[in-house]
Amino acid sequence: MVYVHVPFCGSFCTYCDFYSELECGAGSFESYVNELCGEIESRRSEIRGTQAVNTLYVGGGTPSLLPLSCLERISSAVKSCVDGNFEEFTVEVNPEDIVTGGPDYVRGLMAAGVDRVSMGVQSLDDSILGWMNRRHTAAGALEAFSILRDSGVGNVSVDVIFGISHLTDEMLESTLRKVTELHPEHISAYQLSVEGGSALASMVADGRYREASDEQCRRQYGIICRRLREAGYLHYEISNWALPGFEARHNSAYWDRVPYVGVGPAAHSLKIEDGLQTRSWNSAEPSGWKSSSEQLTDDEVREEEVMLSLRTLKGWNGRVLSEEEWFVSDDIISDILSRM
């Protein structure tokens, strides 16, 4: 499985602290793809070793800003390293790019091999979208979904955000009703968090924003769980719901700790070889990006296994931790619980 990080954005969302760059035109896109394809080629053997799950996920940033020619080059470069077609090929998109590109753009994505589209809707309330500094409107998101469907995309995932202090339960209920009426195959719901370096963190620091209470977040998460269950969605991971058979293969493999290769300026990778587990990551620099890595200890591996498996419906890999394991990892469990 391969993850490709596309760092470009048309604007920066209020809550985001991910590494990203403002769109700078075709020259920047071409330079990025040239370096990306060079990294893919240099890691050819590593990519071939991750085919237990043969998926490709292009995320960001905003991959839908890239011209189709760039996405086609990326797809071809990865495909040259693997055997057979991808089991799942996901591209993240923003609604406004789908509306601007229209059916021709979507058909171009499909021609490049994309069979799953993850669209960042976040809300269907224009006041919330404006506060988030999203580039689309509620009407634009609905139009984008229609374009995806009319163009033949049969596997669409929609993201929504909750836990915003001025997001009322009624606003959330309205968004959920409209989203479920669209009947996407997959829905992800994320609680807003204040991340250092984001515009939101500055707003909290100077008093322009007060975080939602734990009670509000708990209540809104409960609303989401209930409404999506009633609409026929399986709650298979703490932040993810799917119609039966449409669970995300790529993301599910992360939670199972399947080895994967991440390429691009802020991508992470997991390598498991000869009993050793290595985490590596790329960091962007003015001259491109460089890779760093660390070997995980047994305790770190166990921490990840517990944390990730307990996020899923299937739980701890079908077995119960021994008393010794729970005792030894008491601090680890406390850390896990604080982050869930």
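Asn133 is found in the loop between α5 (126-132) and α6 (138-150), where helices (H or I, at least four residues) and strands (E, at least two) are DSSP runs numbered from the N terminus. The phi angle of Asn133 is near 65°, a positive value in a residue other than glycine. With a relative accessible area of 37%, Asn133 is partly exposed; buried denotes under 20% relative accessible area, exposed over 50%, and partly exposed the range in between, with a 1.4 Å probe and protein chains only. The model is predicted, local features need pLDDT of at least 70, side-chain atom pairs count only at pLDDT 80 or more, and totals for chains, interfaces and linings use all residues. Residues are numbered from 1 along each chain as its sequence is written, and side-chain values use heavy atoms, with hydrogens and water left out.

A positive phi, near 70°, is also found at Gln122, likewise a residue other than glycine. Gln122 lies in strand β6 (residues 116-122) and is buried, its relative accessible area being 8%. A further backbone feature is the cis peptide bond that joins Gly60 and Gly61, with omega at about 15°. Gly61 is placed in the loop between β4 (55-60) and α3 (68-79).

Several side-chain contacts were computed. A polar contact is a pair of N or O atoms within 3.5 Å; within protein, one must be able to donate a hydrogen and the other to accept it, and residues adjacent in sequence count only if both atoms are side-chain atoms. Asp169, in helix α7 (residues 169-182), is buried at a relative accessible area of 18%. The side chain of Asp169 is joined to that of Arg219 by a polar contact of 2.6 Å. Asn282 belongs to strand β13 and counts as buried at 7% relative accessibility. The side chain of Asn282 reaches the backbone oxygen of Gly264 at 2.7 Å.

Asp256 occupies the loop between α10 (249-255) and β11 (261-263) and is partly exposed, with a relative accessible area of 37%. A polar contact of 2.8 Å joins the side chains of Asp256 and Lys314. Asp256 and Glu304 are 48 residues apart in sequence, and their C-alpha atoms are 9.7 Å apart in space. Glu304 is one of the buried residues of α11, among which are also Val301, Arg302, Glu303, Val306, Met307, Leu308 and Ser309. Helix α11 (residues 298-309) has twelve residues and, at 1.5 Å a residue, should span 16 Å; the end C-alpha atoms are 16 Å apart, in agreement with this value. The expected span is taken as 1.5 Å times one less than the number of residues in the helix.

Met110 counts as partly exposed at 31% relative accessibility.

The structure holds zero disulfides, a disulfide being a pair of cysteine sulfur atoms within 2.5 Å. The sulfur of Cys217 is 13 Å from the closest cysteine sulfur, that of Cys225, and this is too far for a bond. Cys217 counts as buried at 6% relative accessibility, and Cys9 is buried with a relative accessible area of 10%.

The second largest pocket holds about 230 Å³ of space. On a 1 Å grid over the protein atoms alone, a cavity is a set of points where a 1.4 Å probe fits but cannot get out, whereas a pocket is an open set with protein on both sides within 12 Å along at least five of seven lines; lining residues have an atom within 4 Å of a point. Grid points are joined across faces, edges and corners, and a volume is the space filled by probe spheres set on the points. The second largest pocket is lined by 15 residues, of which Tyr19, Glu21, Glu35, Gly288 and Trp289 lie nearest its centre. At least two lining residues are supplied by each of α1 (26-42), β13 (276-285) and β14 (288-295). The largest share of this lining, four residues, comes from α1. By class, the lining divides into eight nonpolar, four polar and three charged residues; Ala, Val, Leu, Ile, Met, Phe, Trp, Tyr, Cys and Pro count as nonpolar, Asp, Glu, Lys and Arg as charged, and the others, Gly among them, as polar.
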